Amino acid sequence: MSALFASRLNTVHANRFRGVDLSSPPESVDPTRSPSAPNIMPRADKKPSKRPGFSEAAAFGDRINGIFSFKTGPEEHFIVHAGQYLYFDSPDNIFCDGVADSPSCAVRYGEKLYHLDGVSVRVVSWDEAYGASADLLQSGAYVPTVTIGRSPSGGGTPFEDFNLMNSRFTEDFSGTEDETIYQLSFGGLSDDEVTVEVLDSASASGSRIWNALSENTDFTVDRTAGTVSFVTPPGLSPVEGEDNVRICACKYIPEYFKRIESCTAAALYGVGGVCNRLFVTGSPAFTGVDWYSEMDDFSYFGETHYCAVSPNSEIVGYSLIDGLLAAHCAGDCDAPVVLRSGEISGGEAVFPIKNILRGAGACSRRGFGVLGEEPLFLTKSGVFALTAKDTTGERCLQRRSWFIDKALCAEEGLEHAVLCPWKNFMLIAVNKKIYLLDGGQKTYEQAAPYSTFQYECYYWTGIPAECIAVIQNILCFGDALGNIYAFHEPEVLGPETYTDCGKAIHAHWDLPDITGANFYNKKSLRAVYAELSPQPRTSVKVLLNHCGVWQPLWQEGAAFRYFRWSGIKWSEFVWQCDSKSRGYGRRRLVPGLERIRVRLENSVAGEPFGLNSAAVEFTETGKKAF
């Protein structure tokens, strides 16, 4: 009988690490991953390390609705949307008020930032003399010439579309010898000024000389009928074949402005994939429709420059791939991703639909980003990538977040989540957590067979981010109370580097459940060993999960520390000057375990924590009682 139940020492050694696996049962997690590892991220060697902390950078007093990078020449600044205000670089520099107090978006084009809040579109710019400004898009918007070659009684050739962002329009007439009444294309004109110019002559250089006339002196206007009556007939054009009467009037159509001003998502795209037009969408009155501006003039949205992308669903946002514009629609619909190209047809820019991709629909207006060269977007089923198949070149949707999907998809309010690329990671901020996809680690996962690979994943806790951005290479986030925080650089070790505003960061790495050779055998824990990345200040606490309760096994710090003046703390002083990795372990007999779950933890304020290796020794001593 003694031979039958003879114990044999077993060792589980973990010295290769990847990310977390929150989608598998703890006993099924690969030994290189962890079923629970909050506030951990990979070092350059891919070993798990405690994330850096953050400190308050600025306080704005109102909820942070957006943080945007803004360049003026070689200098990078940031624009903060807090409450109903826009700020330039600091809480002391308000340069715009009356902004909607809701999450906003912005796109940068040249040295201008186009800011959308669902109520208005503002153009943020910088002037050395006057500083930052945020003008409404309709201010100084392009005035189109809607008709040319028009006779006094009507007709003519349509030339440019009415501008949705400007109620003013111009019409060019070919005057006659006797006519004094000129009929415009539109009646019901606004009370705004009507301007008239008459061609006088052409100079020897070919330039045209126009004379401006005065209303109620040289002409009168019937705004209801849309007519201009001249005191003296303008007469025939002095230049044969050219129009000689130019009338500029105003017809205010409020719903035209609202089509653009009520938009909440934007992207840059254009003919041939050149990003020189502004595409906007998200108007509640026009779900599934987007509008696009004129090339290089974002103040000109022609009334026919729109696409009914998906009439039965809402466009949530955009991605760019291989010179195509992808419009992502919400939820379960027939066309979750619509791909368009930019072409010239008949002398006009057109954006025909090239393909429709089936699969998951996007769920968050701020849930888009590019990791490396791969566009990612958030859905209720996880994070997906828009890719091209290697063999056929066809485009498809592939899952990229399998290892965190169970936890991520259980989060409430995914429609408010924010994606942000940072270094080699894609961050997903939601519900005071940040999930990370590691672009430097890709793994094929059999549980997701229709995807070529999955990113390794991590997650951080205790981060109340309403929005998140990278400004001057520093990761920042804003909260609901109006504060902006900046993460510390882990390479710069200081007393605050590993604290969140002075508070300790709880970080741990759980080894997957050890069930042994036979799940029905009783296990006895014999020893746990750990090798940490040495630091002037660091420590580890080792715990065992016994019947659902975490029990401490041992705690050690001095064995992993080395002396350095900049990191000295007298209560933790050591003479050791060798900064090479060192291991430590203790034997501890804990019998009668069904499975073994070990945690390596550091929750000490100001201490970094990097795990290099871990080992667990145990024996299987006999069958447990059923």
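Gly 367 counts as buried, because its relative accessibility is 0% (buried means under 20% relative accessible area, exposed over 50%, and partly exposed in between, with a 1.4 Å probe and protein chains only). The model you are looking at is predicted, so local features need pLDDT of at least 70 and side-chain atom pairs count only at pLDDT 80 or more, while totals for chains, interfaces and linings use all residues. Residues are numbered from 1 along each chain as its sequence is written, and side-chain values use heavy atoms, with hydrogens and water left out.

**Around Gly 367**

- You can find Gly 367 in the loop between strand E31 (353-357) and strand E32 (368-371); strands (E, at least two residues) and helices (H or I, at least four) are DSSP runs, numbered from the N terminus.
- Leaving aside residues up to four places away in sequence, Gly 367 touches Leu 376, Phe 377, Leu 378, Ala 417 and Leu 419, where contact means heavy atoms within 4.5 Å.
- From Gly 367 to Val 540 there are 173 residues in sequence and 36 Å in space, C-alpha to C-alpha.

**Strand E47 and its partners**

- Five of the seven residues of strand E47 (residues 540-546) are buried, which leaves this strand mostly covered.
- On one side of the pairing story, E47 joins strand E48 (residues 549-556) in the antiparallel sense over seven bridges; two strands pair if DSSP finds at least two bridges between them.
- Asn 545 stands opposite Trp 550 in E48.
- The hairpin of E47 and E48 has two residues between the strands, and Cys 547 there takes a positive phi near 60 degrees.
- E47 also pairs with strand E50 (residues 598-602), in the antiparallel sense over four bridges, and here Val 542 stands opposite Leu 600.
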